[in-house]
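Me: Hey, I've got a structure open and I'd like to talk it through. Can you help me find my way around?

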Protein chains: 2
Amino acid sequence: MKAAVISVGSELVSGELTDTNAAWLSRELAGIGIPTLRHFCVGDDEEVLAETLTRAARAVELVVVTGGIGPTPDDITRRAAARAAGVELALDRGALAHIEELFASWGREMSENNRVQAFFPEGSEVIENPRGTAAGFRMPLARAQVIVMPGVPAEMKLMWAANVRPRLAQSVSGAVVTGSVDCFGRGESDITRELVDLMAPGRNPAVGDTAEDAIIRVRIRAAARNPAEGRRMVEADKAEIRRRLGDIVFGEDGQTLQGAVVEALTASGKTLAVAESCTGGLIAAAVTDVPGASACFLEGITAYSNEAKVRLLGVAPQLIERHGAVSEEVAAAMAEGVRARAGADFALSSTGIAGPSGGTPEKPVGTVYVAAASAETTVTRGLRLRGDRATVRDRSVKHALNLLRLGPLARK
Amino acid sequence: MKAAVISVGSELVSGELTDTNAAWLSRELAGIGIPTLRHFCVGDDEEVLAETLTRAARAVELVVVTGGIGPTPDDITRRAAARAAGVELALDRGALAHIEELFASWGREMSENNRVQAFFPEGSEVIENPRGTAAGFRMPLARAQVIVMPGVPAEMKLMWAANVRPRLAQSVSGAVVTGSVDCFGRGESDITRELVDLMAPGRNPAVGDTAEDAIIRVRIRAAARNPAEGRRMVEADKAEIRRRLGDIVFGEDGQTLQGAVVEALTASGKTLAVAESCTGGLIAAAVTDVPGASACFLEGITAYSNEAKVRLLGVAPQLIERHGAVSEEVAAAMAEGVRARAGADFALSSTGIAGPSGGTPEKPVGTVYVAAASAETTVTRGLRLRGDRATVRDRSVKHALNLLRLGPLARK
């Protein structure tokens with residue numbers, strides 16, 4: 001089975017929004033053994049979409065469409081699919097009841113517009129939307145199966161995981177088992193050089209990698225006769241990859257750095273406090289993003305001004321005067337200060353220049369110091385990061401978490 | 001003139017890389033008055049690309065292709081374009097000399113592979129690459145002009161700006177001007193109901209909307225004889241949309257809620273402090289995401305435990321005992337506490353149950369209180385949010401920022 005992905009939306013084809021659904025879905029499809037041959041992106045034009053659907057359905061066996069199933073007149077996917085199949089739209093009473101229930105639960109009146117979301121091409125099967133009013137549907141078209149989902153990425157991903165992926169995975173013969181080994185701290189080309197034999201084209205399991213925001217995930221996909229065999233193959237590759245890559249590996253199967261840190265803290269019953277300057281709350285936000293983080297996370301202080309660093313964290317004013325607020329010394333004092341005041345086992349801190357302004361020849365934009373403290377030791381790391389403000393802040397958070405993971409937390 | 005954009009690369013269609021060229025080019029094309037009707041993304045397959053080129057060239061007058069013009073065998077765009085046009089590839093001596101010069105200037109030997117980069121479809125015109133060895137080309141195909149550029153975004157953008165955009169802009173009459181009115185606080189269908197006449201199909205300017213993470217952007221696109229006329233048309237629609245939607249409008253042209261808040265604070269020389277529980281640093285992170293936020297943002301406290309709320313924010317322990325940590329009263333006390341201690345003009349706070357666990361029948365997951373305080377007043381808002389942990393936290397941040405925007409900050 002081969003797939004095509006169609007993204008619908010004038011805001012996509014005009015470039016106002018960059019489509020990320022097609023790439024995401026192609027990765028997911030690859031994960032269950034279905035290669036994608038083409039992406040199409042079209043505007044809110046019924047005729048163009050109907051024609052694109054017809055062509056795609058002649059070329060491949062699976063056509064996945066996202067977008068254009070909202071309640072407004074420019075949501076044309078339902079009509080375009082009906083037109084391509086030469087059928088009418090028909091009311092689905094179950095879908096209508098679901099929309100009515102949602103509005104009732106929100107205490108809001110349902111508008112007439114929303115009724116159109118309960119109409120689907122005749123012969124199609126409704127796919128429930130676990131979160132919103134936009135139900136999806138699947139229908140046959142030429143020799144293909146067409147699957148339509150919402151365009152909003154979060155809604156689409158929920159629907160995919162709950163109601164689309166499982167059935168598709170079953171329909172592919174044999175078992176495809178996937179996994180990943182998740183790394184931080186080295187470049188993609190360094191990592192792939194270590195794994196070049198595993199990444200050889202045609203090898204089974206297939207090994208590849210994706211890099212996103214400095215997290216490298218080495219992906220493993222095993223085609224096997226059954227799930228148990230597939231899992232054994234994936235586990236064997238994971239062990240080999242871990243052995244070769246060493247301590248840059250922080251987790252498996254899509255783990256996050258903060259997830260790895262919270263897991264290690266919780267497992268050992270230890271606590272964490274955070275003091276931030278340039279990351280402005282992002283380290284605390286990352287840690288508390290993990291469900292159950294309250295078991296280990298005590299408090300976070302975002303101290304932007306020097307005055308706040310002194311008053312809230314107990315940093316000595318002379319230290320700031322002597323070394324500057326962006327310095328290894330101040331990073332260490334911030335971590336030690338918040339650790340002592342919070343009574344935490346560990347603490348993390350950041351201070352730096354995220355840009356776009358504020359840089360000097362000596363300390364250019366991207367100069368960041370992070371520190372990790374325990375009762376026994378404080379380790380610091382100086383970074384020279386490239387990229388825009390968001391990138392500098394993101395990488396600072398990751399280096400801070402990684403410093404704790406490899407330093408005080410590893411030695412606990 | 002209307003355009004289609006084709007992105008070539010197996011790493012794109014497999015989802016390993018997300019294509020950003022198509023959206024970028026469509027924005028650029030819109031800027032010179034050329035609307036894009038379709039995007040296509042295909043792998044490194046000569047036959048599929050040749051067929052896609054042929055179809056695109058029948059549908060529109062301009063086909064812009066990126067990718068597949070490197071030196072390796074899987075770079076198939078030159079061959080595919082020749083195949084689509086029914087011509088052979090021919091050596092361009094000027095292009096060859098340019099490649100040889102580049103290698104000489106790098107002090108590296110030119111491989112035989114790189115010679116293929118000097119071959120182009122007969123009848124095409126070479127487009128110089130200001131930076132690399134991959135020259136582009138333009139050629140006629142059916143009723144269309146085809147323009148081929150490198151896939152690497154930085155190289156493509158240089159070539160576009162230097163050697164493609166200027167000539168295209170000259171050939172086009174008219175201009176397309178876009179803008180948006182950015183809203184928070186009401187549902188998408190509520191908003192579109194107010195604007196149904198403006199959103200009528202075929203109207204110029206075209207008005208549509210996109211919703212992402214509860215931010216609704218009403219998008220305006222005007223086709224005009226010249227940029228000045230287009231801007232006037234967009235401004236007139238913006239004014240009308242603002243008039244109808246009232247205070248749910250927080251900005252224009254892709255503004256963020258935190259951007260609007262920081263702008264208002266900075267303009268009036270006021271300062272902000274933040275006290276967070278369930279949002280765990282995300283309010284501070286959102287505010288400090290805005291470049292220049294240090295002018296108004298003093299400090300943020302993430303106080304997860306009751307003990308921290310008492311020690312760091314001065315919340316009275318009896319208040320927590322009487323009403324619970326997740327309560328309107330504690331939210332107000334947190335905001336007032338951090339405001340007083342930081343000496344800030346304004347303060348924001350959050351306390352709630354982000355889930356997935358921690359809910360009770362009385363206070364289910366999604367129960368959140370936010371507060372905004374000034375010297376004169378404290379306003380609070382109780383929320384019952386739906387969705388997963390990330391959604392509850394995200395919406396809490398937005399409601400907190402919006403409470404400040406519409407409450408104390410509006411009355412300043």
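Me: How do H10(A) and H15(A) lie to each other, roughly parallel or roughly perpendicular?

Reply: H10(A) and H15(A) are roughly parallel, because angles under 35 degrees count as that. Helix H10 covers residues 257-268 and helix H15 covers residues 389-406 of chain A, and they pack at about 30° with their axes 10 Å apart. Axes are lines fitted to C-alpha atoms, for helices over the stretch in contact, and angles run from 0 to 180 degrees between N-to-C directions. Helices (H or I, at least four residues) and strands (E, at least two) are DSSP runs, numbered from the N terminus.

Me: Before we go on, what kind of model is this?

Reply: This is a predicted model, where local features need pLDDT of at least 70, side-chain atom pairs count only at pLDDT 80 or more, and totals for chains, interfaces and linings use all residues. Residues are numbered from 1 along each chain as its sequence is written, while chains are lettered from A and ligands numbered from 1 in the order in which they are written.

Me: OK, back to the helices. Which residues of H10(A) meet H15(A)?

Reply: Leu257(A), Gln258(A), Ala260(A), Val261(A) and Ala264(A) do, and across from them in H15(A) are Lys398(A), Leu401(A), Asn402(A), Leu404(A) and Arg405(A). Contact here has C-beta atoms, placed from the backbone, within 7 Å.

Me: New topic: how many residues of chain B are in contact with chain A?

Reply: 57 residues of chain B are in contact with 59 of chain A. Among the elements on the chain B side are helix H2 (21-31) and strand S2 (36-42).

Me: What joins S2(A) to S2(B)?

Reply: Five bridges, and the two strands run antiparallel. Arg38(A) stands opposite Val42(B) there.

Me: And H2(B), is that mostly covered or mostly open, and how many residues are buried?

Reply: H2(B) is mostly covered, with eight of its eleven residues buried, including Leu25(B) and Glu28(B). Buried takes 20 or more other C-beta atoms within 10 Å of a residue's own, exposed takes 12 or fewer, and partly exposed is in between, with C-beta atoms placed from the backbone.

Me: What order do the strands have in the open sheet of ten?

Reply: S17(A)-S16(A)-S15(A)-S13(A)-S14(A)-S14(B)-S13(B)-S15(B)-S16(B)-S17(B), with mixed pairing. Strands pair if DSSP finds at least two bridges between them. S17 of chain A and S17 of chain B stand at the edges, each with a single partner strand, so one side of each has no neighbour in the sheet.

Me: How many bridges join S16(B) to S17(B)?

Reply: Seven, and those strands run antiparallel.

Terms used. Angles under 35 degrees count as roughly parallel, over 145 as roughly antiparallel, 65 to 115 as roughly perpendicular and the rest as oblique. Two residues are in contact if their C-beta atoms, placed from the backbone, lie within 7 Å.
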